[in-house]
Amino acid sequence: MAEVVIAKPGKLPVGPIGRAGIGWWGISALIASEAALFSYLLFSYYYLGASAPLGWLPEPHPKMMPVLPNTILLLGSSFVAWYGERGVEQGRRAQALIGFGMAFLMGALFAGVQVYEWHERAFGIGASSYAALYYTTTGLHMAHVIVGLVILAALFGWTAIDYFSPRRRISVSAGVLYWHFVDVVWLFVFTTYYVTPYLGFAR
Amino acid sequence: MRAPAYRVPEIGEDTPALRARLQEIWETPPGLKGWLVTTDHKEIGLRYIVTAFLLLIVGGIEALVIRLQLAGPNLHLLTPDQYNQLFTTHGMTMIFLYASPILSGFSNYVWPLMFGSRDMAFPRLNALSYWVYLFAAFFLYAGFVVGAGPNAGWFNYVPLAERPYNPGINEDFYAIGMIFLGISVTVGAANFIVTFFKTRAPGMAINRVPIFAWGTLTASVANLVVIPAVSLAFFLLWMDRQFGTHFFSAAKGGQPLLWQHLFWLFGHPWVYAIVLPAMGMVSDALPVFCRRPLVAHTLVALATVAVMILGFGVWVHHMFATGLPGLALSFFSTASIAITVPSAVTVFAWIATIWLGRPVITTAFLFFASMIVLFVIGGVSGFMTASVPVDWQLTDTYFVVAHLHYVLIGINVFPVVGATYFWFPKFTGKLMGERLGRWNFWTMFAGFNLGFLPMHLTGLLGMPRRVYTYPDGMGWDWLNLITTIGSFVFAVGVLLFVINVWISYRKGAPAGDNPWDAPTLEWATPSPPPPYNFAVIPTIASRHPLWEDRLQESEGRSCLSRGMTLDQGKEALSTTALDADPDRILEMPEDTSAPLLLAIGMTILFIGMLALSWLTIGIGVLACLGALLLWLWPRRDLREREPAPRVAHG
């Protein structure tokens, strides 16, 4: 007679511990889908750019001021948000509040500068397929920045009323991961719209 | 007091006292409120199935009207515009609102039972995906009902779908509705993926997973990354139509072909997404009626994954006639031909299973076995059009229409009806009528082939798709008449199915737990299963936990009557992705109105987009935000936060 197998695990974590938990898988799946969305947008740019006639790119090429410092600002906010997450991880509430608050302000400043960028553009959204792509891609990214800012504000508020502990903080880790995604995806948008014209892509 | 962060799960017997305790924890209160807030995967699965079948009937009635219009030459039952709306809405309904949701419904119901688990990984997300599906279906149909249905074909090519050529609101309904529906599919896909990898019973290692689960998994992975392509395409189309952008217009640097790329980048993986789970149903259920395990289980699982991977590289075969460079055509033609290899592996595995087994001819068996025939016919016509010169000859003719109906009805509808006969006893505790079942099967099978087999010839004789009528003397008259007759016979078959479901639901013979003597875990539960599915978490030792004593294929024996009780709250078990070793006790969410509220918020948002009313859009966004805060607010019972130790009350 064959033996009956029965799983008798030892101590198991109950619910999410730290960043580990089933919610981590969920936020990763969301980010994978969002990343796909941006990759199709950038595919559209490269597809239209590669087959476009001379004059598709607006002259002069997009300037690096103020977008380069703005990019550095947004990437910096990722580190600041991480600093805030570390604060929760180590039970230092003040550090967490500074981290989330600063990241929020940096993200908001980025958004403001981006709106200024839009106003500086000489063309409207209906001018060409380039214009349509430029405003749609940066606009969709802006929508993600706004969602990220809401998340950072929520994390700030929840930390302020002392919801989290080093052990129970999956909301913090998931929210900060989403903010990292918003920042990393901007790098691809930035490279596509501001760097590749100088590398000779499209005419 | 802090809830303990770690715990050794209690091991116990399956006792009535334990069941009573779990019932109290897991039960959804009856009444309207319970109906609106439930997160039970079985309830949601059944809603998916019922809604999708209703939409199948609606789409079928549309098809019958189309066939009446085409029954003879020069008929004028419909105006050209009505015809355009009707065939577009028919395609939209069958492909987006029936074929995928019906499979989600079965997977929703069956997966946790197959996995020996108590619910899906994300029960609230599950409820959301159903509500969004339902509201998006209403949204997509709203235009049709008021006489402004989509009218540019289900794949909606530009420039026809652009505003200068299509000035009504028809395409806006379609564009926004499809973005809306995409949310449902995406969150559903994420849920299936995590459920597959994290909630299988201990011991159900990756090589012991039923093929049906593989089918839905691969479909879900594809959906997760390709739905954004079609959502984006429809969003850009809406921008073109409402804000004068130039994504798809040939003027000002736009490209009509960009639409086709974005649409088919999504569209072809989607085709596999709506057949692979159905093929999985056959792979799991057909062997039950052959009284032996599936031949080459591992190969079939690998073939399922291979089809999906190759499926990402075949989209251009919808675009062979668009003037793309020859090198691109060769690549996509090769990929499209190569995909027949893993498909053939699966087909031969099914045939070998019947060959080596002792078939019991039930209605379900007939549906599954006939599906193999239809799959081969649809596969061969697909293989033919994968060749570029043949495609150039046949594209946009009725040959393609015949092909796609063999594929979608043959590999989706037939297995799904078979699966209904198979799992209906589990859903309801009652068997479906076998005598009426035979009538049901043979009418559907005869009607389908009578309708669609001659259609290949109609296409070879040159009849183009999507014409609302045709002149006589083209040699198409009698073929079209036969197709129309066949379609009505097929419809009678579907009607017999509906009647059988109704009668069996009312007074079918009691089924018991395992009427088919099937090997997988869902048959170890009562029919219908209790809200918590399993009183004790089973431990799995083989692919066929209920056939182990006969098969002797594993050293150990699965344990179903004794295991982790997990009864200190609404608890479930999480296991590792590959070996399914227990790694966490999951705190499952209580029933909640947040998913319904979020779906309502989205509906307001999309109505605002349709009406271009910024106020409505704003209200929708705020409603979504409110629902999300309600949903994501860190909760103590889900262990997302600690009780604040320093705050003293009172």
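## A helix of chain A and what covers it

In this predicted model, the buried residues of helix α3 of chain A are Ala96(A), Gly99(A), Phe100(A), Ala103(A), Phe104(A), Met106(A), Gly107(A) and Phe110(A). The elements that cover these buried residues of α3(A) include α2 (67-89), α4 (129-160) and α5 (170-195) of chain A. As background for reading such a list, an α-helix has 3.6 residues a turn, so residues three or four places apart point the same way.

## Where chain A touches chain B

Between the two chains, 50 residues of chain A are in contact with 61 residues of chain B. On the side of chain A that touches chain B, at least two residues come from each of β1 (3-4), β2 (12-13), α1 (22-51), α4 and α5 of chain A, and α1(A) gives the most, with 15 residues. Sorted by class, this side of chain A has 32 nonpolar, twelve polar and six charged residues.

## Two domains in chain B

According to the domain assignment, chain B is divided into domain 1 (9-25 + 32-72 + 81-274 + 525-593) and domain 2 (293-513). The centres of domain 1 and domain 2 of chain B, taken over C-alpha atoms, are 21 Å apart, and the contact between them takes 42 residues from domain 1 of chain B and 42 residues from domain 2 of chain B.

On the side of domain 1 of chain B that touches domain 2 of chain B, at least two residues come from each of α3 (41-70), α4 (80-114), α7 (211-243) and α8 (256-273) of chain B. The residues on this side of domain 1 divide into 27 nonpolar, 13 polar and two charged.

## The largest nonpolar core

The largest nonpolar core has 247 residues, and the members that touch the most other members are Val132(B), Phe180(B), Ile193(B), Ala233(B), Leu262(B) and Phe266(B). Helix α7(B) gives the most to this core, with 22 residues, and the core draws at least three residues from each of domain 1 and domain 2 of chain B. If residues up to four places away in sequence are not counted, Phe180(B) touches Val132(B), Ala136(B), Phe139(B), Met602(B) and Phe606(B).

Trp238(B) lies in helix α7 of chain B, and it counts as buried because it has 20 C-beta neighbours inside 10 Å. Although Trp238(B) and Met609(B) are 371 residues apart in sequence, their C-alpha atoms are 9.4 Å apart in space. Leaving out residues up to four places away in sequence, Trp238(B) touches Asp172(B), Ala175(B) and Ile176(B).

Leu75(B), by contrast, is found in the loop between α3 and α4 of chain B, and it counts as partly exposed because it has 14 C-beta neighbours inside 10 Å. The C-alpha atoms of Leu75(B) and Pro471(B) are separated by 9.3 Å, while the two residues are 396 residues apart along the chain. Apart from its neighbours within four places in sequence, Leu75(B) is in contact with Gln69(B) and Thr469(B).

## Strands of chain B

Strand β5 (residues 559-564) of chain B pairs in the antiparallel sense with strand β2 (residues 11-13) of chain B, over three bridges, and Ile11(B) has Met564(B) as its bridge partner in β5(B). Strand β3 (residues 537-539) of chain B also pairs with β5(B) in the antiparallel sense, over two bridges, with Thr539(B) opposite Cys559(B).

Further along chain B, strand β6 (residues 571-575) and β7(B) run antiparallel and are joined by five bridges, and Leu573(B) stands opposite Ile585(B) in β7(B). These two strands, β6(B) and β7(B), form a hairpin with six residues between them, and Ala580(B) in the turn has a positive phi of about 55°. Strand β7 (residues 582-587) of chain B is mostly covered, as five of its six residues are buried.

Notes: Residues numbered from 1 in each chain as written. Chains lettered and ligands numbered in written order. Predicted model: local features only at pLDDT ≥ 70, side-chain atom pairs only at ≥ 80, totals over all residues. Buried ≥ 20, exposed ≤ 12 C-beta atoms within 10 Å, placed from the backbone. Helix = DSSP H or I, 4+ residues; strand = E, 2+ residues; numbered from the N terminus. Contact = placed C-beta atoms within 7 Å. Nonpolar A, V, L, I, M, F, W, Y, C, P; charged D, E, K, R; others polar. Domains from an automatic or database assignment. Core = buried A, V, L, I, M, F, W, Y, C linked by C-beta atoms within 7 Å. Pairing = 2+ DSSP bridges.
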